[in-house]
Amino acid sequence: MSWRNFLTKAKNFVLDALFPPICLNCSTPIQSQKDFLCPLCFDLLEINSSFYCPKCGGRITDPSFSCHPQTQCLLAPAGAYFPPLPALIHYFKYKKLAGVSSFLTALLIVYLKRINFEIGSFQITYIPLYPFKERKRGFNQSQILAQGVANYFSLPLVKALKRIRDTRVQAKNKNSQDRQKNVFGCFVPADSETIKGKNFLLVDDVYTSGATVSEAVRVLKENGARKVIVLVAAKA
Ligand SMILES: [Zn+2]
Ligand SMILES: [Zn+2]
């Protein structure tokens with residue numbers, strides 16, 4: 001089955017319909033909200049087929065060799081933060097349009113099947129939200145994607161990290177050192193025994209500056225995690 005067919009099947013969910021149904025990316029009227037995108041915007045979707053370096057953004061063809069090994073992880077972005085993905089992610093995170101999460105999960109699955117690695121040896125985990133923020137939003141977007149991936153590959157979903165500090169003030173004009181300082185210490189292990197000696201697929205929705213993710217990776221590695229792969233729907 002081609003990946004386009006796979007996505008078409010995966011998006012066949014009951015939706016809270018927008019009325020009239022529109023393309024989430026360009027607002028063109030479409031036949032059914034189940035489609036999310038008009039055919040033109042659907043064709044814009046590009047799914048990656050390799051790992052990337054979290055530091056320089058370079059493609060990594062051989063996962064055993066990283067150009068920036070100090071990052072202690074590989075970046076696995078299903079796509080680029082380029083239309084139509086930003087719109088889909090926005091509807092998923094802020095407008096709670098049911099079904100978009102399944103579409104994004106399907107995107108992650110298609111991507112994971114394309115890259116060559118032993119997924120069976122990995123546990124799935126996610127970037128936790130600060131509890132107050134999660135209550136306000138009503139869900140953790142990363143956890144939903146992680147759950148979908150775990151279900152599909154029959155892998156364990158574990159809560160490896162806890163967020164003990166809210167770091168939402170991640171001002172855009174901060175330089176990378178300030179951003180890293182701002183998030184330092186915001187995660188602690190949920191239970192260090194679940195981390196030691198395990199491989200983790202750490203799921204988040206979008207990879208932008210990477211400050212939050214690299215702090216999560218640091219805590220996982222400090223607590224004995226073996227390999228860490230950061231899986232995101234889109235890389236900015
Ligand atoms: Zn469109
Ligand atoms: Zn690099």
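Buried means a relative accessible area under 20%, exposed means over 50%, and partly exposed is whatever falls in between (1.4 Å probe, protein chains only). Phe92 and Phe139, for example, are both buried. Keep those words handy, since they come back throughout this report.

What you're looking at is a predicted model, where local features need pLDDT of at least 70, side-chain atom pairs count only at pLDDT 80 or more, and totals for chains, interfaces and linings use all residues. Residues are numbered from 1 along each chain as its sequence is written, chains are lettered from A and ligands numbered from 1 in the order in which they are written, and side-chain values use heavy atoms, with hydrogens and water left out.

Let's start with the metals. A donor here is an N, O or S atom within 2.8 Å of the metal (3.2 Å for Na, K and Ca), and sites may look incomplete as water is not among the atoms. Four donors count as tetrahedral if all angles lie between 85 and 135 degrees; four count as square planar and six as octahedral if opposite donors are over 155 degrees apart and all others between 65 and 115; anything else is irregular. Here are the two sites.

| Zinc ion | Protein donors | Distance | Spacing along the chain |
|---|---|---|---|
| ligand 1 | Cys23 (SG), Cys26 (SG), Cys38 (SG), Cys41 (SG) | 2.3 Å | C-x2-C-x11-C-x2-C |
| ligand 2 | Cys53 (SG), Cys56 (SG), Cys67 (SG), His68 (ND1) | 2.0 to 2.3 Å | C-x2-C-x10-C-H |

Why is the arrangement around the zinc ion (ligand 1) tetrahedral? Its 4 donor atoms subtend angles of 103 to 116°, and that makes it so. Cys26 sits in the loop between helix H1 (3-10) and helix H2 (39-44) while Cys41 sits in helix H2, so this pair ties together parts that are 15 residues apart in sequence. Helices (H or I, at least four residues) and strands (E, at least two) are DSSP runs, numbered from the N terminus. Cys26 is partly exposed at 36% relative accessible area, and Cys41 is buried at 5%.

The site of the zinc ion (ligand 2) is tetrahedral too, with angles of 103 to 121° among its 4 donor atoms. For comparison, ideal angles are 109.5 degrees for four tetrahedral donors.

**A strand on the inside**

Is strand S3 (residues 74-80) largely enclosed or left open by the rest of the structure? 6 of its 7 residues are buried, so S3 is largely enclosed. S3 pairs with strand S8 (residues 228-235) in the parallel sense, over 6 bridges; two strands pair if DSSP finds at least two bridges between them. Leu74, for instance, has Ile229 in S8 as its bridge partner.

**Rings that meet**

Rings of Phe, Tyr and Trp (its six-membered ring) pair if their centres lie within 6.5 Å; planes under 30 degrees apart count as stacked, over 60 as edge-to-face and the rest as tilted. The structure holds 6 aromatic pairs. One of them joins Phe92 and Phe139: their ring centres are 6.2 Å apart and their planes are at 45°, so the pair is tilted. Phe92 belongs to helix H3 (residues 85-94) and Phe139 to the loop between helix H5 (131-137) and H6, so the pair ties together parts that are 47 residues apart in sequence. Elsewhere, ring pairs link Phe36, Phe42 and Phe103 into a cluster.

**Charged partners**

Side chains of opposite charge can pair when their charged atoms come close. A salt bridge is a side-chain nitrogen of Lys or Arg within 4 Å of a carboxyl oxygen of Asp or Glu, and the count comes to 4. Among them is the one between Lys93 and Asp205, at 3.0 Å from N to O. Lys93 lies in helix H3 and Asp205 in strand S7 (residues 199-207), so the pair ties together parts that are 112 residues apart in sequence. Lys93 counts as buried at 16% relative accessibility, and so does Asp205 at 4%.

Lys196 and Glu193 form another bridge, their closest N and O atoms being 3.9 Å apart. Here Lys196 is exposed at 53%, and Glu193 is exposed at 52%.

In helix H8 (residues 211-222), Arg218 and Glu222 lie 4 residues apart, about one turn of the helix. The closest N and O atoms of their salt bridge are 2.7 Å apart. Glu215 joins Arg218 and Glu222 in a network of salt bridges.
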